[in-house]
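Look over the sequence and the fold before reading on.

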Amino acid sequence: MSKLKKLQARITCQLDNVPCAEFAGMFVASDKGFYKARGLDVSYLLPSKDGGDEPELVLTRQRDMDSSMLFPNNRITHSEPVNISIGCVEQNVLLPAIARNIHAKAFAALFQRSPQCIASLPTKPLLSVADLVGKRIGMQMDTVELTTTLLSHATSQCNEIELKVLKRDNKISALLKGEVDAIQIYTCTEAIELEARLGKAPGILHLTDIKGEGEKELALGYSKVLFCDRRAIRRAQFRSSLTAFLEATAEGWRACASDMEAAIASIMAARAGGGYGKGSSLLPADTAPFQRESLRRCLALVSGSQDLATARLCAPCPSSWQLASDTLSSLGFSPTKVPLALSLDCDIWPHA
């Protein structure tokens with residue numbers, strides 16, 4: 001798109017992880033002008049210390065902008081540019097927040113499935129629920145509730161599995177020092193660093209495989225879910241701006257696949273801008289080889305089983321979304337069953 005549109009919206013996106021390949025489609029869309037071509041000014045916010053509070057942060061920011069005299073267009077119908085607060089989070093984090101009456105609503109998802117897993121040393125691999133009994137698992141605060149729920153459902157010995165809360169940057173070192181027996185990580189980012197530091201692939205147990213004996217793989221939902229205030233999303237200016245945002249983001253992901261080296265440069269520039277300029281591993285996150293492999297894995301999560309070049313990227317399937325919601329509710333993870341109409345807007349970026 002060569003002709004720039006008049007500024008339509010300023011969008012602030014709250015990330016749920018440090019700048020990395022998980023957000024490459026957005027970083028590339030920013031660098032290549034895909035957002036600006038659609039009248040959008042997009043900026044990014046780094047995650048909070050512990051994570052899991054993204055819904056509250058995003059809604060508070062939207063409420064503050066709507067009430068501030070600095071953003072009068074947010075209170076005037078048909079006035080532009082509007083100011084929109086959005087965020088990125090796991091479906092299994094968003095649903096309990098909605099059940100707690102946090103007025104958030106999803107409108108898209110970057111990843112078709114979750115990359116969350118439990119990683120262990122290759123010399124002592126933990127590859128099943130039974131292997132976890134009597135062991136210590138390190139993880140971030142925002143994963144504790146989900147993992148506890150899954151383990152309680154999968155084994156009667158869940159009380160013999162110790163979950164230790166660790167900071168994001170301390171998980172791998174804790175595993176290597178023997179402070180824990182396994183850690184919760186993402187297959188598309190931290191698993192690459194861990195493999196480089198170990199010299200071989202770690203043992204991997206996907207969270208979707210923490211299930212009762214004989215059960216099928218659990219439907220735990222989408223990852224990198226984009227959401228905003230469900231009250232604000234009713235406004236026509238917000239909806240059209242978010243549709244334009246997703247058009248540009250999908251274009252960004254396709255550009256990542258066609259020119260990975262340019263995409264890697266965008267990722268590393270975003271990391272430098274966020275203050276993440278030094279890596280400590282054998283294959284640090286601030287090197288091109290790390291980001292190339294991470295981007296390759298992220299592109300597979302973005303496309304799922306579809307053709308990246310032709311698929312409608314970032315569009316959750318309503319039935320798959322609701323299946324995950326029902327699964328989490330049946331496990332006792334979400335205090336109440338969240339209906340589709342409250343949790344996912346199916347019209348801003350329709351699946352089909």
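## Aspartate 16 and its surroundings

A polar contact is a pair of N or O atoms within 3.5 Å; within protein, one must be able to donate a hydrogen and the other to accept it. In this predicted model, the side chains of aspartate 16 and lysine 224 make such a contact, at 2.8 Å.

Aspartate 16 sits in the loop that runs between strand 1 (9-14) and helix 1 (24-31). Aspartate 16 is buried because its relative accessibility is 9%, and buried means under 20%. Leaving aside residues up to four places away in sequence, aspartate 16 touches Phe23, Pro47, Glu54, Cys88, Val89, Glu90, Arg168 and Lys224.

## Two residues with positive phi

Lysine 224, the polar partner of aspartate 16, belongs to strand 10 (residues 223-229). Its phi is positive, about 55°, although lysine 224 is not a glycine. With a relative accessibility of 1%, lysine 224 is buried.

Asparagine 101 also is not a glycine, and its phi is positive at about 75°. Asparagine 101 is located in the loop between helix 3 (91-99) and strand 4 (104-111). Its relative accessible area is 52%, so asparagine 101 counts as exposed, the cut-off being over 50%.

## Helix 5

Helix 5 covers residues 141-154, which makes 14 residues. From first C-alpha to last, helix 5 reaches 21 Å, close to the 20 Å expected at 1.5 Å a residue.

The buried residues in helix 5 are Thr143, Val144, Leu146, Thr147, Thr149, Leu150, Leu151 and Ala154.

Technical notes: Residues are numbered from 1 along each chain as its sequence is written. This is a predicted model: local features need pLDDT of at least 70, side-chain atom pairs count only at pLDDT 80 or more; totals for chains, interfaces and linings use all residues. Side-chain values use heavy atoms; hydrogens and water are left out. Helices (H or I, at least four residues) and strands (E, at least two) are DSSP runs, numbered from the N terminus. Buried means under 20% relative accessible area, exposed over 50%, partly exposed in between (1.4 Å probe, protein chains only). The expected span of a helix is 1.5 Å times one less than its number of residues. Contact means heavy atoms within 4.5 Å.
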